[in-house]
Amino acid sequence: MQVVIGVRALIESVCRRGGLVPNGGLGSDSSTGMNLHRLFYKKANAIFPAYRGLTEYALSRTFNLTDVDITVQGRADLVLWPNTMPLVSAQATTTSLPSDVAVIEVKSYAGLKTQLNPEGYPLHWDQALLYTCLLHNVTSNGHRTFTYHLAYISLEDDDPLILTKTVDESDAFAWLINVLQEYGSLARNEYLYRLTRDASIKALHFPYPQIRQGQRELMSSVLAAIASKVPLLAQAPTGTGKTVSTLYPSIKAIGNNLADKIFYLTAKTTTRQVASETVNKLYQAGLMLRTIILSPKEQLCLSPEIFCDLRMCPYAIEYYDRLPEALIELKLSPLVTAEEITSVAKKFNLCPFELALDFARCCDLIIGDYNHFFDPRIRLIRFFSDDSRHHIILCDEAHNLAERTRDMYSAELSFLKVHAAKEKIKSLSPQLVTKLDILTKYFAAFAQAMKSEKSGFEQVEKSLAEKPVFQAENFRAVAAPLPGLRRFLFSLIEPLHDLLDNITDFDLRRPIMDFYFELLFFLRIHDEYFDESYVTCVKRDHRDIILTLRCQDTSSKLVATYKDQHIPIFFSATMAPLKYYKNIFCGQDETIYPDILNLASPFPAENLLLLTYTGLKTTYEYRNYTLLEAAKLIWQACSIKPGNYLVFFPSYRYLNSVASILSSQVGKNWHLLQQKPNMSPDEREAYLSNFADSAKEFSTIGLAVLGGSFSEGIDLSGDRLNGVIIIGVGLPQLSPERELLKQYFDFKLRQGFNFAYLFPGFSKVMQAAGRLIRSEYDRGFIILADERYAKPEYVNLFPEYWHPSEISTIREVEAEINNFYKYFEL
């Protein structure tokens, strides 16, 4: 049996002991981390003048145990090579290297040296020692003594912390053999599991009796993208069976060693549930594959009152000592949910969130949120920092990524949150309160500027005095960072950290900690990501002043997460036009050539009546004058046949205005439902429960907002939904932020209105329309009600499988719907 494993993965598998510790992670794969490494490499020559530094030094050794050969490989961050010694390959030489050839393991972190363990972290030392063993090819009878180092580097601290240890060769060899033997036991069990898994994958057949139109093409495209390691963008209409058509070929690829793991990422819980149901269907077909569904930390936490204080949490203390038994129990279940994680965590007294992440290492399929791969705060670095690992990234409902990732790569500071933290700190640290007073004055300068025609920026950042400022009511923006604020915020980090270390009152500690982490992330965005795609915004929101570093174009950030390593598959029923999403997901990188797939609907065209009703004006200035027209259209269309209907509006205000008119028109056997802002899960479920089949005693008209919780992720098949009416074209509301986005893409691509308004709006229209035809047996009508649907810029966005009839009177609407029903003899 042969096993290949990276240095980091080997250390994490067998060397973790004791409890969870802060800052005990193994570095970062961020661009800042890489830049810091490069800066340190340049400094190393001055720090170690008698040596030359060899960076990213490749090492690999194979060790023969009783019944397993383990190849350990990796790249040492820095190898110190004596200037007096000629360079030779550690892999090729048959003689021992001098003992003063040394490894430096480099770790980047956020903050100051004073926040670190002054002795370093055990896992980091183990990693450095393992590289030392590989470099010197240690033996049991060797008599050399080796030196090895840790270097901790931070953007906030120019002076690296360098720590040094020595080890005798015999001790290093004994430690190495112990590590390998412990891992060998794990590897044998994993090898047997993989034999069973791969045999089940090889024998696995498509889990449904027949393959729908488009499914075979989508599966072939997914497999081809994985094999060639290129991104795929696939628009696959509702009913294609996107979930199984992406999972099935990806699992086949895993069985053929084309990738290591599959990450199935979604925006909504309901979509993750669909993925779970599909996996269960594959299990019924004979698949044996470990799967986990990840949940947010706040949903899993067993001690929320402690707020992740690892020094106090009973589920963090001695965590790694109890972990192995818990993993053994979880491996008995093919698909592990939040409920099972919580149950096992309670049994073994473990943090359920960390347990889920540790068990995910043992899994082949990980179902989670976009955040787990794309968000710089939440990204699961433990899976994505090993360059030798290649994962399949399945992004379901990928049309959501554009807005989601803009939020992920933006950071904000709020005056009210600063004030709340200051109130908590008042009795604890007068010096910090004085500093926070300066910060509140920074916000106050903008509040004062917004009362006049001043920008505010020239008052607080002298370096921005000549920069053009975008001004709107209660809003200011400039395309530049804030160096003065950055320096001041950094001066708060160390005293805040020291203060938090001494607070044991968790109710008092939490708001201060929230503020502390917001500062850290704000500084990270400012220092690591702020580029020409960013704009600094200041907005008055009632009593609050909010300062935001807003990312307008995340394409380069998204590309950096997968380029040259992972294979992203972006798919959705609504990615029109695909050229827009190609720009969002792949940017202007000329080295990336994604595959593009645009599938037709798998369902009979005659099952759908699509009408573009151009007799309605829904632009903001006309809405109040067309409310009666909109209400009449809705009632006349829906009342032709009892059933269930969804009507989507551009805003709650418009919805409520039309609802007040409709309420006096609908008959006694009709229910009129209104979506409310921020509905709870139970309220949403109650709303949808009214959409029963045709055997019920009443009919339903559900009023909802475009882009809301009822416009995607719900499945009302059969007679549960008979028609959809969409009022308006879905354009996002006018705002200063949207106008800035428009200006940015006008300058970059001359596509400002399209990228900021038209394309995102039409995506919401397609999502809402996709609620209707969910299977080959579904029939019904869709009405797109707005005069703009006759314009070429909208008609050109219609998918090829849409065959609309353009009409302009309600009488024509009634005639078309009546003829449609007669065709099916309904």
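**A tour from Thr700 to the cysteines**

Select Thr700 first: its side chain comes to 3.2 Å from the backbone oxygen of Asn690. This is a predicted model.

Now show the secondary structure. Thr700 belongs to strand β23, which runs over residues 699–705. Colour by accessibility next. Thr700 has a relative accessible area of 0%, so the residue is buried.

Which residues surround it? Setting aside neighbours within four places in sequence, Thr700 is in contact with Gly643, Asn644 and Tyr645, with Trp670, His671 and Leu673, and with Asn690 and Phe691.

Move on to the cysteines. How many disulfides does a search of the whole structure find?

Select Cys363 and Cys362. The closest cysteine sulfur to that of Cys363 is in Cys362, but the distance is 6.4 Å, so the two are too far apart for a bond; a disulfide needs the sulfur atoms within 2.5 Å. Cys363 is buried, because its relative accessibility is 0%.

Then pick Cys586. Cys586 is in no disulfide either; Cys395 holds the nearest cysteine sulfur, 11 Å away. Is Cys586 buried or exposed? With a relative accessible area of 1%, Cys586 is buried.

Last, select residues 201–464. An unreviewed UniProt entry annotates this span as "domain: Helicase ATP-binding". Draw a line between the C-alpha atoms at the two ends of the span: they lie 60 Å apart. Switch to cartoon view here.

How values were computed: Residues are numbered from 1 along each chain as its sequence is written. This is a predicted model: local features need pLDDT of at least 70, side-chain atom pairs count only at pLDDT 80 or more; totals for chains, interfaces and linings use all residues. Side-chain values use heavy atoms; hydrogens and water are left out. Helices (H or I, at least four residues) and strands (E, at least two) are DSSP runs, numbered from the N terminus. Buried means under 20% relative accessible area, exposed over 50%, partly exposed in between (1.4 Å probe, protein chains only). A polar contact is a pair of N or O atoms within 3.5 Å; within protein, one must be able to donate a hydrogen and the other to accept it, and residues adjacent in sequence count only if both atoms are side-chain atoms. Contact means heavy atoms within 4.5 Å. UniProt positions are given in the numbering used here, feature names are shortened, and annotations may be inferred rather than shown by experiment.
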